[in-house]
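The sequence and structure come before the discussion.

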Amino acid sequence: MKTQQVKLINRGQEDEMEVWGYRPCLWKIILVGLGAVCSGGLLLLVLYWLPEWGVKATCTHTPLRGASRLLLRTTDDFRLWFYAKVHEILAPGKTPFDNVESTAHFQDGDRHQSLRADNEEQNRKLLCRDSVKVHYFTHHSVKYYWNEGTQNFEPYKGLEDTKVRCADIHTTYSSGLTKTLQDYRALFFGKNEIDVRVPSLFKLFVKEVLNLFYAFQIFATVLWASQGFYDYAVGMTLLFLFSITFSLYIIRKQHVRLHNMVVEHSMVKVSLCRGKKETERVMSTELVPGDVVTIPEKGMIMTCDGVLICGACTVNESMLTGESVPVTKTSLPSSGKEADRIFDTEEHKRHTLFCGSHVIQTRNYADEPVKVVVVRTGFSTVKGQLVRSILYPKPTDFKIHREATRFLMCMVGLAVIGFIYTVIIDVINQVPFQGIMFDALNLVVVAVPPILPVALNAGLMTAQRRLKRVGIFCISPQRLNICGQLNLVCFDKTGTLTEDGLDLWGIQRAADGTFSPPETEVATESLMKTSFVACMATCHSLTTIDDKLCGDPLDVKVFSATGSVLEEPTEEQTVLYIDKVALIVRFPNQWGEFGVVRYISFSSTLKRMSVVVKQLGQKHFDVYLKGAPETVANLCKPHTVPQTFTETLETYTRQGFRVIALAHRRLESKLSWQEVHNLSREQTETNMDFLGLIIMQNKIKEQTAGALLDLRQANIRTLMATGDNMLTAISVARDCGMVQAHEKVIIADAVPPNDENPASITWRYSDNLDVNKNQTAGISFSEEGVKEEENLGYHFAVGGPAFAVITEHFPELVPKFLLRATVFARMTPDQKTQLVQVLQNIDYIVGMCGDGANDCGALKKAHSGISLSELEASVASPFTSSIPNISCVPKLLREGRAALVTSFCVFKFMALYSSILYCSVSLLYW
């Protein structure tokens with residue numbers, strides 16, 4: 001292969017691949033056919049096992065542009081090869097986002113049909129004579145199309161490919177697509193479905209039989225039967241059938257489960273917008289990026305990824321995240337700074353409805369229906385990517401697998417030596433040709449025991465059955481052996497180490513730059529008339545479904561403490577407020593009533609949310625904000641933040657409380673309803689008045705301390721990765737025994753570089769209350785490891801922002817730092833995944849245990865992910881526990897070690913058995 005002709009697809013992504021082009025060569029195909037006949041089909045079997053050899057043996061190298069066959073190779077450590085065939089479609093344009101309204105003329109009789117990339121005959125009838133050929137290939141359920149500009153194949157994911165601004169989505173796509181344009185885009189994006197086909201038992205059987213080990217078993221069985229060893233051959237056949245039946249049962253069951261999960265609600269009728277007011281009922285499989293769908297009042301199951309451009313929705317995303325708490329989605333900003341940003345589903349996920357999520361309730365404004373612009377369809381959706389990660393899992397490079405491969409290679413080498421030895425001895429002894437082949441092949445079968453996979457499966461089956469009895473379910477039996485090798489387990493905090501719910505411990509208001517004494521009762525007449533309680537009652541994303549409060553448990557606790565009532569606005573109430581309101585909050589005993597005008601959703605990056613409200617009878621609007629105390633304090637006027645803010649916050653967080661800060665701002669009376677909605681987030685959430693703190697209590701689960709003690713006694717490291725406050729996380733780590741009472745915790749604070757100073761790290765002890773005279777720790781990073789000034793037990797703790805700075809600007813410190821780091825606070829979901837990957841890079845065998853809410857990526861990335869959620873998102877985790885606490889972790893590790901010991905014993909036994917028999921037979925041949 002010529003290096004200059006190698007192209008990369010998915011450059012810089014996890015599934016980056018090299019690609020080479022080929023075209024069939026007649027004389028090579030004839031030679032391979034002759035070789036297959038002469039070898040009795042053995043050559044075809046070898047080419048099936050090695051796809052790169054199969055392509056090179058039958059094709060010649062050619063530039064990508066004219067290739068009809070492709071060889072793909074991953075760029076990761078595994079260097080896996082794949083084969084793909086190039087297809088072509090006829091289309092009026094070269095990309096799905098070309099404007100073909102004036103050039104694509106469809107026959108009237110066929111307008112009701114949709115153009116599909118998988119039906120070329122129909123496409124030729126429907127397309128005009130000016131169509132061009134577009135080449136594409138499919139790999140792992142994703143289509144890659146030829147791009148003349150880049151001279152490479154590229155996937156089309158959806159509307160994000162156009163780099164469209166948020167404002168342009170409102171102006172360009174709010175009316176939907178014409179039928180012509182929809183049919184044209186359907187050519188490239190295909191049907192809007194996640195097609196998980198359940199393979200037939202015959203197809204699965206053939207695929208399993210062609211597996212190298214099973215093929216070798218069949219060969220051994222036929223060899224013994226041909227020599228008259230019928231009893232042994234029958235016994236091996238029964239074992240073979242038992243093993244392959246079990247494998248087929250597991251594989252088929254997983255496919256059926258995945259198919260049922262995907263097919264449910266995947267084909268429904270939806271209302272599609274055609275123009276400003278015209279709607280059409282179509283099947284959801286016909287949707288393409290750019291279509292506009294209306295969401296019914298009673299909700300629906302989303303069959304695509306779409307962005308809200310009108311109205312708001314309450315959505316249950318448990319299918320995707322494992323988090324059963326409904327979340328509120330608001331419409332995409334149409335004006336201001338946020339509207340000028342390029343649309344991105346991750347950045348604007350608070351405005352995006354994802355495929356598979358359940359829209360529970362909708363809320364429209366000014367009688368406008370709730371509208372969604374389709375962004376991605378099929379396997380490009382978030383649900384589609386989840387399904388792809390299950391259908392095509394990334395290979396795992398485990399030490400036991402490498403050792404097993406080396407063992408087998410040694411046995412194969414021994415078999416080759418034995419084969420040559422037998423042939424020489426039998427030739428010297430003038431044994432007939434048939435006898436020579438029988439003797440030589442018998443020695444090969446003795447050296448490489450065909451019963452090995454059956455014996456290994458037996459141990460895994462036993463462990464899997466015992467785990468099922470204690471409520472732990474496994475979808476990847478091969479990972480059971482890895483559980484026995486784990487030497488580090490990373491835990492989420494909320495819902496994993498601690499209880500899901502939070503209790504309101506009390507509040508501490510601030511006035512005139514000082515804190516008032518803590519208060520435990522909120523629903524008193526004196527407090528109900530304050531801005532503090534107004535913020536508690538209005539600043540949330542709660543909604544009522546069947547007269548029941550739904551939303552974040554923390555919001556439910558805080559709102560319930562005020563004794564207020566949440567209502568949907570009626571027409572009469574809307575008239576009273578003059579302006580349109582989304583929700584009504586009524587205080588008890590007629591102490592006040594507020595209408596929520598605008599929601600600014602919670603952002604995990606910004607760590608805050610806010611609402612704009614209007615009190616009944618007032619002419620001005622108020623902004624109420626809540627979020628992480630440090631974040632809220634930075635948005636407030638300095639003189640309104642108490643001087644003892646930091647000390648007070650640390651006092652609570654050291655005791656393990658979760659603290660939330662509140663703030664308020666009165667907007668100018670002259671601002672209209674439309675002007676309030678046009679304000680950007682930065683303009684709204686600024687110049688606030690600090691109101692005080694809400695103190696929430698999060699209790700540790702009673703099983704947590706005992707499970708962590710079991711792991712520590714087994715010399716297994718434990719870490720905590722949470723999105724909560726640093727000092728709260730440290731307090732929980734101490735309370736549950738992750739950090740011992742006599743051990744110190746050193747917090748690493750890292751600052752990114754600026755125009756004047758480079759990036760820097762400072763170290764301080766967590767137990768120093770005097771912040772102004774903060775005691776720093778002297779840390780020495782040497783080749784021997786990490787050293788502290790005083791040779792005492794200690795742990796590092798680091799926040800998410802500091803972790804990002806350290807990994808980017810101090811990569812040489814990361815391996816040494818992680819050897820003593822135990823608490824990771826304020827971590828985003830992506831940072832949790834990155835943490836698992838970095839730990840794996842320094843040779844830890846990592847387990848991850850979480851509730852599946854925001855750690856799905858880390859659960860999949862870890863060597864063994866254990867989800868405490870029984871929701872559907874947990875199918876991406878190798879292990880799922882019905883036990884809602886971490887006591888399942890020691891149980892899984894015990895079974896893992898038992899399975900690992902069984903595997904080692906099987907290998908030892910088979911090695912000894914094969915060696916003894918090999919030597920005995922060799923002596924007999926002599």
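## Helix pair H21 and H25

A crossing of two helices is called right-handed if the near helix is turned clockwise from the far one by less than a right angle, and left-handed if anticlockwise. In this predicted model, H21 passes H25 in a right-handed crossing. Helix H21 spans residues 645–654 and helix H25 residues 726–735. Their axes lie 7 Å apart, at an angle of about 30 degrees. Angles under 35 degrees count as roughly parallel, and H21 and H25 are therefore roughly parallel to each other.

On the H21 side, Glu650, Thr653 and Arg654 meet Leu727, Thr728 and Ser731 of H25. By class, this contact of H21 with H25 has 1 nonpolar, 3 polar and 2 charged residues.

## Helix pair H2 and H3

Helix H2 (residues 42–49) packs with helix H3 (residues 51–58) at an angle of about 120 degrees, and the two axes are 5 Å apart. Val46, Leu47, Tyr48 and Trp49 of H2 make the contact with Pro51, Trp53, Gly54 and Ala57 of H3. The residues of the contact of H2 with H3 comprise 7 nonpolar, 1 polar and no charged.

## The chain as a whole

The protein chain contains 30 helices and 42 strands. It has 926 residues, of which 53% count as buried. The chain exposes about 42900 Å², and carbon and sulfur atoms supply 55% of that area.

Among contacts with a separation of 6 or more, 69% are between residues 24 or more positions apart.

Note on methods:
Residues are numbered from 1 along each chain as its sequence is written. This is a predicted model: local features need pLDDT of at least 70, side-chain atom pairs count only at pLDDT 80 or more; totals for chains, interfaces and linings use all residues. Side-chain values use heavy atoms; hydrogens and water are left out. Helices (H or I, at least four residues) and strands (E, at least two) are DSSP runs, numbered from the N terminus. Buried means under 20% relative accessible area, exposed over 50%, partly exposed in between (1.4 Å probe, protein chains only). Contact means heavy atoms within 4.5 Å. Accessible areas come from the Shrake-Rupley method with a 1.4 Å probe; for residues, only the protein chains shown count as cover. Axes are lines fitted to C-alpha atoms, for helices over the stretch in contact, and angles run from 0 to 180 degrees between N-to-C directions. Angles under 35 degrees count as roughly parallel, over 145 as roughly antiparallel, 65 to 115 as roughly perpendicular and the rest as oblique. Ala, Val, Leu, Ile, Met, Phe, Trp, Tyr, Cys and Pro count as nonpolar, Asp, Glu, Lys and Arg as charged, and the others, Gly among them, as polar.
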